[in-house]
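Please keep the structure in view while reading.

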Amino acid sequence: MTTKAKRRYEPDRRDRIIDSALDVIAQYGVAGTTHRRVAEAADVPLGAMTYYFKGMEELLQEAFARLADTMSSQLRTTLEAVKTKEQARQAIIDWACSEMWKSKRNLILAFELTAFAAREPSLRPQLERWMGISEGYLSQHFGKSTAKVLDAFVDGVVMHNIMSSNHITRDEVTEFVQKLTA
């Protein structure tokens, strides 16, 4: 009598694959991310990858959507509580100087998302939605053009602080935000 192997019931398997894909992207970049590496990191059989995702592009899109949703929800939580212009200034300063940006993993993933979206037009709406959240909340206090510049400024501060040992300090961020929003 043949016994059939018992199938593991893992309702979180798909989510685990997506989270593992982000870990693999952080370690190897988009170009080095393979089904095999993600399956290994997620501790799932390689064949499970095609069960949950049509291909690597779909997996990357879902992983980056998860990243954008996670990061934008943190910002949204902060900005939704903002009632005054001064609180909005403080929120953007806090966001630019956030501990979140001190994580090498988060920084790499943010830049991998940006680079991938530049090459993959289907992901651009996800990136624009992510940028639009902060611009939307900030424009309530500073107008659309200032909000757009503030958002770009935060991206620039983060990029500069990754690439340089001469970091832009919280005091410098505060001074610039005060001038820009005066």
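The sections below treat the domains of this predicted model and then its pockets.

## Domain arrangement

The chain is divided into domain 1, residues 10–53, and domain 2, residues 70–180. Their C-alpha centres lie 28 Å apart.

## Interface between the domains

Contact between the two domains involves seven residues of domain 1 and five residues of domain 2. Together the domains bury about 500 Å², 67% of it on carbon and sulfur atoms. On the side of domain 1, L22, A26 and V30 supply 70% of the area buried against domain 2, more than any other three residues.

One salt bridge is found across this interface.

## Largest pocket

The largest pocket holds about 330 Å³ of space. It is lined by 18 residues, and W101, A110, T114, W130 and D155 are the closest to its centre. Two or more lining residues come from each of helix 4 (56–80), helix 6 (104–119), helix 7 (124–142) and helix 8 (144–163).

Helix 8 gives the largest share of this lining, five residues. By class, the lining comprises 13 nonpolar, three polar and two charged residues.

## Second largest pocket

About 220 Å³ of space lies in the second largest pocket. Of its 14 lining residues, A96, W101, K102, N161 and H167 lie nearest the centre.

Helix 8 supplies the largest share here, with four residues. The lining consists of eight nonpolar, four polar and two charged residues.

How values were computed
Residues numbered from 1 in each chain as written. Predicted model: local features only at pLDDT ≥ 70, side-chain atom pairs only at ≥ 80, totals over all residues. Heavy atoms only, no water. 1 Å grid on protein atoms, 1.4 Å probe; cavity = no way out; pocket = protein on both sides within 12 Å on 5 of 7 lines; lining within 4 Å. Points joined across faces, edges and corners; volume = space filled by probe spheres on them. Nonpolar A, V, L, I, M, F, W, Y, C, P; charged D, E, K, R; others polar. Domains from an automatic or database assignment. Contact = heavy atoms within 4.5 Å. Buried area = accessible area lost by both parts, 1.4 Å probe. Salt bridge = Lys/Arg side-chain N within 4 Å of Asp/Glu carboxyl O.
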